[in-house]
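The sequence and the structure come first.

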Amino acid sequence: MTTTQTEIHSRENSLTAVLRSPRLFARETLAGVVTALALVPEIISFSVIAGVDPKVSLVASIVLCLSMSILGGRPAMVTAAAGSVALVIGPMVHLHGVEYIFPAVLLAGLIQILFGATGLARMMRYIPLSVMTGFVNALGILIFCAQVPHIWGNNPLVWGLFALTVGIVLFLPRVFKMIPSPLVAIVLITAACIGMGFNVPTVGESGPMAAGLPGLTELLVPMNLDTLRIIWPCALSIAFVGLMESLLTAKLVDELTDTPSSKRRECWGLGVSNIFAGCYGGIAGCAMIGQTMVNVELGKGRTRLSTLAAGLVLLLLVTGLSDLMAKIPMVVLAGIMVIVAVKTLNWHSVKPATLKRIPLPETLVMVTTVVVTVATGNLALGVVGGVIFAMILFARRIAHVVRAERTLSEDGQSVCYTVTGPLFFASSNDLFEHFQYADDPQNVVIDLSQAQIWDVSTVAVLDAIETRYQRYASQVQIVGLDLRSSDFHARLSGKI
């Protein structure tokens, strides 16, 4: 991107520029409207997984969306009551009851604030590209699969409305760009179904759509050690699943929009927002990846105004327009999300030409991430599984790059082993086998000028090498250590 393009891009994505430009203001607001409509059915379905009233999830989503529009570190990213969080709350609710959600959410929020305050968001740098690619592909598959029940097995009318939705969303922008095509599809198809009396599944059939807002969440359990014993596993899961999904989504939006975000601010902002949502709404949430893609990719939302508009529209739908919201056909929302799923998939990563060029271990890491995510329905578990597998493959690969070159002196009275490569628990274990203990002379020099000691295992192996040579009355001298490795070795050698 050239300097001029970057300046234009920056101007178009600044909140001040949006407020001064009617065109950009309309773009951001309409993107928020589309996003709010896409949020409703998923929030309701996730409330069933969590075992709570749909109104609880809807109200919590309003609080999360509005507060993260101000506190979040990634503009245009949508935060609401998410399926990944519902998955970890559900088991606790089924075992102990809904009254334990509130204290669990409060504790999870505090953990997320601590995570952000200590700067642990920097750990995102340790997620490999292959895991990120698997995350994106798994996300596309999960979004697509979630829409299938709303389309497959229904009558021809539903299939026709699905085709019409896809046609409007894909082809309308070629001739008319003032209003987001997904919003046009929702309005036109909803009006047609109401006007013509079409009998198709609607949003209202997913859960109750009664208007109004609840009061503050009541604390119904005592704050004691018994309660802490019940809630802490769930709170940890809420905190880390929410953080992982939000940070990965923020990284994805960074790449899509070519703009940076504050991961630290995203962490503590999510913690504060979850505490707000727990106090008024009663359930936690995190970034909604599918709806974020609707906002950023289809609606072209780029600023906090788009998510603020989504929260306000969601508030309006819940309080005053619940009857109208209940009449939106599920198939139109499913059609929009299918397009989001197709756009989300990284098709380049699965092309035969790409797979031939990419090393097999990298492909296996991507596939592992996808398989674990799709099998469990949990994006966080898929990422953790992919990272662990990548770490194992990486350790295995670099464990075999250590070499020990043997040089015998001219008089045959000494031998020098020049070691090259990183020395850590995996590679140092192989180092032990590189020496000819019985055949070497009494003076042995191990030159580590081209290697570094990285852990206690390496010190233990060097001690074991010296011990083995002592059996043959040989003296070992270790030379060439840099300052850090020398201090590390001197402090631990003979004491492990």
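## A proline in a loop

Pro-180 lies in the loop that joins α8 (156-171) to α9 (181-196); helices (H or I, at least four residues) and strands (E, at least two) are DSSP runs numbered from the N terminus. The model is predicted, so local features need pLDDT of at least 70 and side-chain atom pairs count only at pLDDT 80 or more, while totals for chains, interfaces and linings use all residues. Residues are numbered from 1 along each chain as its sequence is written, and side-chain values use heavy atoms, with hydrogens and water left out.

Pro-180 has a relative accessible area of 9% and is therefore buried. Buried means under 20% relative accessible area, exposed over 50%, and partly exposed in between (1.4 Å probe, protein chains only). Leaving aside residues up to four places away in sequence, Pro-180 touches Leu-30, Ala-31 and Val-34, where contact means heavy atoms within 4.5 Å. Val-34 is 146 residues from Pro-180 along the chain, yet their C-alpha atoms are separated by 7.8 Å.

## Nonpolar cores

A nonpolar core is a set of buried Ala, Val, Leu, Ile, Met, Phe, Trp, Tyr and Cys residues joined through side-chain atoms within 4.5 Å. The largest one holds 109 residues, and the members that touch the most others are Ile-89, Met-92, Ile-101, Phe-135, Ile-238 and Ile-283. Helix α3 (residues 22-50) supplies the largest share of this core, 12 residues. Contacts of Ile-89, not counting residues up to four places away in sequence, are Ala-50, Ile-101, Cys-234, Ile-238 and Ile-283. A second, separate core has 23 residues, including Val-444, Leu-448, Ala-451 and Val-461.

## Salt bridges

Side chains of opposite charge can pair when their charged atoms come close. A search of the whole structure finds four salt bridges, each defined as a side-chain nitrogen of Lys or Arg within 4 Å of a carboxyl oxygen of Asp or Glu. The table gives some of them.

| Pair | N to O distance |
|---|---|
| Arg-27 and Glu-28 | 2.7 Å |
| Asp-254 and Lys-263 | 2.7 Å |
| Asp-440 and Arg-406 | 2.7 Å |

Asp-440 is in the loop between α19 (425-431) and β5 (443-453), and Arg-406 is in strand β3 (residues 403-408), so this pair ties together parts that are 34 residues apart in sequence. Asp-440 counts as buried at 8% relative accessibility, whereas Arg-406 is partly exposed at 31% relative accessible area.

Both Arg-27 and Glu-28 are buried. Asp-254 is buried too, with a relative accessible area of 14%, and Lys-263 counts as buried at 19% relative accessibility. A network of salt bridges links Arg-74, Asp-254 and Lys-263.

## Domains and a hairpin

The protein chain is divided into domain 1 (1-393) and domain 2 (401-492), with bounds from an automatic or database domain assignment. Their C-alpha centres lie 54 Å apart.

An unreviewed UniProt entry annotates residues 404-482 as "domain: STAS"; such positions are given in the numbering used here, feature names are shortened, and annotations may be inferred rather than shown by experiment. This span of residues 404-482 is 28% helix and 39% strand, and its end C-alpha atoms lie 18 Å apart.

β3 pairs with strand β4 (residues 414-423) in the antiparallel sense over six bridges; two strands pair if DSSP finds at least two bridges between them. Glu-405 stands opposite Thr-418 in β4. The two strands β3 and β4 form a hairpin with five residues between them, and Gly-412 in the turn has a positive phi of about 75°.
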